[in-house]
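Reader: Hi! I'm new to this one, could you walk me through it?

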Amino acid sequence: MKAVFIAYNQALSEKVDNALKVAGVKGFSKWADMLGAGSDKGEPHLGTHTWPSMNSGTLTIVDDDKVDKLLLYINQINKVAGEQGIHAFVWNIEKMV
Amino acid sequence: MSLYSSAVKNPITTLMVFIGVIVMGLYSLFYIPVDLMPDMDIPSISVITFYPGASAEDIEVNVTKPLENQLNALQNLKKVTSSSKDNISFITCEFEYGINLDEASNNIRDAISLAEKALPDGCEKPSIFKFSSSMIPVLIYGIQADKSYAALEKIIDERIVEKLSRIDGVGTVSIIGKPIRIIDVKVDPRKLDSYNLTLEQVGAAIGAENISLPAGRIEVGRMEFPVRTNGEFSSSDVVKNLVVANNGGKLVYLRDIATVKDTLKHVLVDERINGSMGVRLMVQKQSGANTVKIARDVRRKVDEIKKELPSDVQVVKILDTSEFIQSSINNLSETLIYAFVFVALVVILFLGRWRSTFIILLTIPVSLIGAFIYLYISGNSINIVSLSALVIAIGMVVDDAIVVLENITTHIERGSSPMEAAVYATREVGLAVIATTLVIVAVFFPLTLVGGLTGVFFRQLGWIVSITITLSTLAALSLTPMLSSRILKGKTYYKHHRNRFMEAVNRFWGFFDDLYVKSLAWVLKHKTLTLIAAGSIFVGSLGLVGFIGKEFTPAQDNGRINVNMEIPQGLRIDEAKALARDFEQKVRQKYPEIVLVSTSIGTDEGGSLMSAFQKAASYIVNYSFMLTSADNRSRSIFEIADSIRNDIKGYTQISSSYVDPGGTRNAMSAAFSGGGGNNMEVKVLGYDINQTNYIAEQIANTLKSEKGFRDVSISRDKERMELQIFPDRDKLAQLGLNTSMLASAVRNRVYGLTATKYREEGTEYDVILKYNDANLTSVTDIENITFKGPMGNMVRVGDVAKIKQVYTTPNIEHENKIRVVKVVSALSGTDLGSATNIINAKLATMNIPNNVIVEIGGAAKDMADTFKDLMLLFVLILILTYIVMASQFESLREPFIIMFSVPFAVTGVFIALWITGSTINLISGIAIVMLVGIAVKNSIVLVDFINLLVDRGRTITQAILEGGKSRLRPILMTSFTTLLGMIPLALSKGEGSETWRPLGISIVGGLFFSMMISLIIVPIIYSLFADARIKREMKKLQAEAGEISFED
């Protein structure tokens, strides 16, 4: 089991939701409005007048075999809409009840 | 959930809501009346009092004064003017615009009841008369006849008036100058004397013969019969065979002492249409009815009626107010369509995509049609003000949609799906869109609060633009994202479908972007030079003001010219008629543009209501010329009027005259026809008639010698000669008589005595007795009038009274209780502003006594008042815009920078007016006020974006250059849509275009100039302020650093 946290520009919501669906991921937690900025490139997403765009975040705990599939789709989204900003982070899940 | 996301998620609902708006708008459109001007009830109420037999001076002292004293205390009163003439006092109370006239008329009634006690005994009860726009005739027909002329009265009443009155919306149908049939009995006074009879006796005898009297009833067996003596005349022939006396057993028939004719009354009115005899038929509408529709119905009905009339009866249209309305409205509707086409062209040329263009253009019908709903609900009409408002709005309603769509496109190009981009991109710009809308509303909404005559123009404009702009913002935040999410294609689509047109468009504008950035970089390095150049352009443009004419409202060519000619008073009507016929001939030959000549001399009755409005007498010839429509002739009514003035100079017998292009001299028609030129009015106020006459005469003479002043005339009529009979009361009393008996005896013989009424087919005709014309030709004839005293003795007028020739003042006018004489003149080849200056200069050199006040009134006063109102409004709107912007930017500095585009808008207006030779007037004044909002809008977009970039970490110069490059296209696009929307208005040439052309010219000039300048000046000012701020902050930092080190 691995945790995948996807932080992305709200404008990509639909695409991310689709990616989860296509990767066969059913369970997830989502923060619809989230603030954030990338470390090296891209615009900050702060919901202010200066930086009006906002992020969403999706956290999903998936079986190991689904992770690569999901990341593949996320990468595809990043290729098409790199300027909008999307990142995915993966780490291990040790226990679950 | 926000508006845009729910709109995108529920496309059907969104679509249905807007279709609903369109359907309601179109439904409203069917029920909105069409009119020339917005409904404006002239806030004036008149009080008319008849006092038969009183001279003008008697009326002034005994009737007008007591009434004026009471009326002057009314609430909301602007001024009280009055005119005291023989037999009639006519007082007009003018109120502030927008007051409740019903309440005002109640107050007037109260005031009158207080004054009534002070009125003389013989005076009739004062009656109240309210002006209303429905009193203006919708149509005037001339009816001519040859053989049927005698029967015209009956034909018109039964066949025309009745049928027209039944048309829905028609108020009254009235007839001017119709022939009246009478039984005319002209008595020979010498024969009367020889039979020892008097006119009264003959009259009584005739009256006694024409009688039908019920005499009770009798019972005959089982039946019952009413009994009646029937002596009613069975035909008019009976009259002359009546026995009027028994002179020593010999019967005296009426035919023995008089000539009896069944004829037409000898009227002191001469109505001609194209030179042949006729009467005028006037159709008025009910208030609130649709002028255009009524005129159409009436025309159709008249066409039907024409077929049923005798072949020699001709019906010609003299005036059709609906024609001018219709063609003005058609012109403006055409302008609206051109504006739409231009806006569409701009959008497609900037975006290069038909899908985006379609989405943006869709906001136009949605928001404009919404305005119709407002017009319907508020009970307003489609008129030139509301249509011009739509033309103004058409270029602005797309702006919000453009901003939203531009951002959505940016997001899509970055890779978002149209669906997502629609929601998030709209959210990004939503606030900015609402803010710019607030600025526009801040400019236009105060217009709805303006009072006075200007308010009539402004109110609808303010409401319509505020409503359409608000609707367009709503559409931009819901309809535009919804349609974008459905229609626009994603980035991948364009990879496979290259849009070469769009690429070309982008290359083209890319070139401009670069050019702009280069020039911006240059001016940022040469700030002082640029600022000096801009400053001198502004100051220089203010210098242009001296070369631009000033007037109140633009003169309109409405295809009508009125001419008024007076021959010396006291001359017989035949003299006037001869002059009129000759002049008619000449005019009809010389000016083929004139299609109809309608002439009127004299009035129906001395003291009728109409005489209070129109100056008419037997020595005055009133012409009304109707010309072909303005597009079909090369000369304007003003040029033709000038030429007619020259023609009039050839007639030496004319004592005074004026030519009135557009028909604005008459106060009522001026207010409603909206045409003609400007009149200059100088008022001389003072009690002493001779003194004020002298001063008025002096002013008139100086004005006559000035260039530009035409038809200078004085409102107080020249003194008129009268034959007055002064009774010798002692002698009268000795004979058992009094003055009243003498007066009625003379009246019966000169004016006539109605003996009885002859009835035929339900209509009654007067049987009128008077002396033979041949026996009333000199003063001696009046002295020789004989009548019978109470003792049966014959009395000669010359024995009991003296007859003198007396000069009387025919009319005395008051303004706010003070006697006034007005010197009125038309202007040609000069404008109100310079005319006012000339008059003021002349007045300064004149020696005016202390008890006389001379002031300038008329259009010049209206102009001064209006310009003052406009200035106030301008300042108010500047403050309001500042407030809105300051709260939007949360800063006092940015709005100030943005405001720098306003002076250059004014510069642009002046330059445009100067180049096109237009004038500064009410309409171009409105344009300047509106430009405040339109001009700052561009700078808001620019400054907002530069701010954004500075916040994102760019340096000031970087931010300015980058922001300028990125905002150039949206600014150019929104400016050009507004600007090109106005071009058709600025270029229009049709009927009525004179009114709104200055509006178009001013906005095009002002917007173009302010756009160009603000793209350069606003960035410079921005950088100056930013530099200053940086310096300040540096100092502050240094000081703080110092403080810290000090503490250490």
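Author: We'll go through confidence, a sheet, a helix and the contact between the chains.

Reader: What ipTM and pTM does the predictor give the complex?
Author: Keep in mind that this is a predicted model. The predictor assigns the complex an ipTM of 0.76 and a pTM of 0.77.

Reader: And what's the mean pLDDT of chain B?
Author: The mean is 83, with 94% of the residues of chain B at 70 or more. Over residues 667–676 of chain B, though, the pLDDT is below 50. Where pLDDT is low, the predicted coordinates should not be read in detail.

Reader: Good to know! Switching to chain A: in what order do the strands of the open sheet come?
Author: The order is E2-E3-E1-E4, 4 strands in antiparallel pairing. From one strand to the next, the twist averages 15 degrees.

Reader: Which strands are at the edges?
Author: Those are E2 (29–34) and E4 (86–92) of chain A, each pairing on one side only.

Reader: How many bridges join E1 to E4 in chain A?
Author: There are 7, and the two strands run antiparallel. To pick out one pair, Ala3(A) has Trp91(A) of E4(A) as its bridge partner.

Reader: Which helix lies across E1, E3 and E4 of chain A?
Author: That's H2, residues 64–80 of chain A, which runs at about 165 degrees to E4(A).

Reader: Now H1 of chain A. Which residues there are buried?
Author: H1(A) covers residues 13–22, and its buried residues are Ser13(A), Lys15(A), Val16(A), Ala19(A) and Leu20(A).

Reader: Why do they line one face of the helix?
Author: Looking down the axis of H1(A), the buried residues fall within an arc of 165 degrees, so they line one face. On the other side, Lys21(A) and Val22(A) are exposed.

Reader: What covers the buried residues of H1(A)?
Author: The cover includes E1, E3 and H2 of chain A, along with H15 of chain B. After H1(A) comes Gly24(A), with a positive phi near 80 degrees.

Reader: You mentioned chain B. How many residues of chain B are in contact with chain A?
Author: 13 residues of chain B are in contact with 13 residues of chain A. Helices H15 (418–444) and H33 (922–951) of chain B are the elements giving two or more residues to that side of chain B. H15(B) gives the most, with 5 residues.

Reader: How do the residues on that side of chain B divide into nonpolar, polar and charged?
Author: They come out as 4 nonpolar, 4 polar and 5 charged.

Key:
Residues numbered from 1 in each chain as written. Chains lettered and ligands numbered in written order. Predicted model: local features only at pLDDT ≥ 70, side-chain atom pairs only at ≥ 80, totals over all residues. Contact = placed C-beta atoms within 7 Å. Nonpolar A, V, L, I, M, F, W, Y, C, P; charged D, E, K, R; others polar. pLDDT = per-residue confidence, 0-100. Pairing = 2+ DSSP bridges. Axes fitted to C-alpha atoms, helices over the stretch in contact; angles between N-to-C directions. Buried ≥ 20, exposed ≤ 12 C-beta atoms within 10 Å, placed from the backbone. Arc of directions from axis to C-beta.
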